[in-house]
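Here are my notes on the model, as numbered points. Please read them with the structure open.

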Amino acid sequence: MTIDIFWRIPTHGEPSSHRSRTPHRGDWFPGNDNLRNASVAGGNGGFSYLDYIAEIAHAAEISGFQGGLIPSFPMTDEPWVISSLLARETSTFRFMIPFQPGFLNPVVAARMTASLQRATGGRALYNVITGGGGPSQLWWGDAAGHDDRYTRTTEFLDIVRGVWRGGSFSYQGKFYQVEDAGLAHPLSVQDFPEIYFSGSSDAALASASKHADYYLTWLEPFEQLREKFAKVKEKTDKLGRKIKCAVRVDIVARATEEEAWAEVAKGFANTDKATLDAFLGIDGSDSVGAARQRGNRPTTVNSYKDLIVEPNIWSGFNLLRGGQTQGIVGSYEQVAQRLDDLVQLGADAFILASTPHLEEAYRVGEEVLPLVRGQGSKQLLRAVG
Amino acid sequence: MTIEFIWQLPTSGDGRYSHADVTRRGERATPGHVPFTDGVSDPRGDRFNYFDYLHQVARAADITDFDGVLVPHDLEGDESWIVAGYLARGTRHVRLIAGFDAGWGSAVYAAKNAVSFQRATNGRFAWQIVQGHDAATRRRHADNVPDADVLARIDEFVTVARGVQTTAPYDFKGRFFEVQGGGFRGPLGGNPLPPVYLGGASEEAFALSARQADVHVLDAAPVDELRPHIARLQELASAQGRTLAIGLRIDVLAREDAAEARCDADLYWSQTRQDRASGERRTLVGSYDDVEQHLADYAAAGISSFVLGATPHLEEAWRFGEHLLPRLRARLAQDRQAA
């Protein structure tokens, strides 16, 4: 068995390095609503941010990544659109599409997915997310409550699977009902997309156990992850299914560990007080995953070193850019080793990211991925032990 | 008012003799179907499929200077948003009109996806929101809205989609959609709204278009039958203080001479098992001169958006683009000056 390694598409803007949030590529970065020019110099060459995203997708497939996660936030372009736009000009890049089931009719979603499979030769996959909740959920026009949303997710995936092979599928759920539904040929002969599933609450785990191929989590303290993976695998085993686990992690990999930390130190030094205060505060989300990461955070920070939580693990990544807090910092060998450590405690796939995503796709693909042993590291351990 | 010519893409199949069930271009129409004899090797395997063909039809419309392509709402075919995205980067100037019904999903999510299209295509994306099918068909597609609410939901869908694209913060609470503190900001705000194409023959549909549509597309009918509808639509729109373009969805079968056109039309209708009367109602059949005259008559009656189609769609896009578009544009400019 081999592990799958994905890259990330920075739909949420792209500074030119981890050292500073500016200058940047594309037309958006946190806290600035006014930037509109997609060209780096602010000129108008007729390019849009999608042109840059396309370059990253090409870099990722050239460098040996499976494909990429295309995050969706209120300020980003949408992954369904990006995937369809890039379908024709990519060869092996797999489009990992995050979406919240409540936003789409499930039969429409099945048709969209089957069409995308046809357009790409089966390169679409899902990252099913069920929403951070709170006021942001109503920004999206979604009024369902937290546990209700997981019921809806389960029903949604029941229907997408039910109609996928054609035929005549009926379903009476709380949120969705269909009568005699089924995709038409040739939509009905496509491969069903792999499902990466996010969510840390009990309701999420129950839904994931039923439908997910991969249980996807942010990086958390390693022992905490080991327990989490064991729990989700146990729940799934009880249902007679097998589930794999995947970790989404930002990295800073350099030839030496010193160089890697120097990069982080420069980024930390350029962090302004407002960003640091926000980092130490609490947001309004009811996401359990966000709380699990927040729990590991110190209350005062004077140096980037205060945020080193275990060897080569730094918990200040969202000071450098939005998103998760914890990531891996180290030499190429160390980063590969930490990924192998994660494989040993249950990870079967990774979504990696580093800024800037274009150049770093080549660096990580050329310097780190060849050092990762993946499942081979498990066999080695068994042989020694 | 400028006149636009839109080419309708054949999302559910296309072929030389309209036998799309046998010769779906680019892919095997039925599993296991082998088009060549045992004596000839076929290098294609399954490397190509229908998307490659649709791409070529869209390119034909783009190169021959159509104003847009319509990816129709087709519950049995490929999903229109995905098709439109697939075609976007291979085309340069055609408007990409995706057809769908308002049961697609959240109006906010639709608007947000539309903004991504606009940003990536320099504002070439448009919506054709259709009323769709009967209640039983809707239930087959997980959509339980009753007949009486179909238009009301389109109304709300357009309101909310426009609201979040133009206003932040945006709040709305209706019968079908609810938003709190919504609205797109930063690079997602202030993008060109996708023009909205609506249709329908009822007074209620006309009234909805008068309030919400950029274009109301009428089904094919003789020009004299359309005049009262055009007048009514314009009357309702001006009562709202709006201008509404009127469109016409019609097939064309144009040849160098009328006899050739008639012969091909009869052949086509017999192949597709359509009776001649309904075929004639749906299709302009004639010489290039005849078809030009018919279209000019529609334009004079107030039609400014022509949604055209002909089988096979690749060859006929080139034919219409080469033989009719240049002379039509010259003719319509002349007619406007004379008027």
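Which elements of chain B do the buried residues of α6(B) pack against? The points below start there. Bear in mind that this is a predicted model.

1. Surroundings of α6(B). The buried residues of this helix pack against four named elements of the chain: α5 (150-166), β7 (196-199), β8 (215-219) and α7 (223-239) of chain B. Helix α6 itself spans residues 203-212 of chain B. Its buried residues are Phe206(B), Leu208(B), Ser209(B), Ala210(B) and Gln212(B).

2. The α5(B)/α6(B) pair. The two helices pack at an angle of about 5 degrees. Their axes are 10 Å apart. An angle under 35 degrees counts as roughly parallel, so α5(B) is roughly parallel to α6(B). From α5(B), the contact uses Leu151(B), Ile154(B), Asp155(B) and Val158(B). From α6(B), it uses Glu204(B), Ala205(B), Leu208(B) and Gln212(B). By type, the residues of this contact are five nonpolar, one polar and two charged.

3. Chain B overall. The chain has eleven helices and eleven strands. Its radius of gyration is 21 Å, close to the 20 Å that the globule rule gives for 339 residues, so chain B is as compact as a globular protein of that length. Along the principal axes, the C-alpha atoms fill a box of roughly 65 × 55 × 40 Å. Of the 339 residues, 47% count as buried. Take the contacts between residues at least 6 apart in sequence: 71% of them join residues at least 24 apart.

4. The contact between the chains. Chain A gives 48 residues and chain B gives 45 residues. On the side of chain A, the elements that give two or more residues are α1 (49-62), α2 (79-86), α3 (106-120), α4 (135-139) and β8 (177-181). The most comes from α3(A), with nine residues. The residues on this side of chain A divide into 30 nonpolar, six polar and twelve charged.

5. Gln190(A). Is this residue buried or exposed? Gln190(A) has 21 other C-beta atoms within 10 Å, and the cut-off for buried is 20 or more, so Gln190(A) is buried. Its place is in the loop between β8 and β9 (195-198) of chain A. Leaving aside residues up to four places away in sequence, Gln190(A) touches Ala114(A), Gln117(A), Arg118(A) and Gly122(A). Trp164(A) is 26 residues away in sequence, with 8.3 Å between the C-alpha atoms of Gln190(A) and Trp164(A).

Technical notes:
Residues numbered from 1 in each chain as written. Chains lettered and ligands numbered in written order. Predicted model: local features only at pLDDT ≥ 70, side-chain atom pairs only at ≥ 80, totals over all residues. Buried ≥ 20, exposed ≤ 12 C-beta atoms within 10 Å, placed from the backbone. Contact = placed C-beta atoms within 7 Å. Nonpolar A, V, L, I, M, F, W, Y, C, P; charged D, E, K, R; others polar. Axes fitted to C-alpha atoms, helices over the stretch in contact; angles between N-to-C directions. Parallel < 35°, antiparallel > 145°, perpendicular 65-115°, else oblique. Rg over C-alpha atoms; globule rule 2.2 N^0.38 Å.
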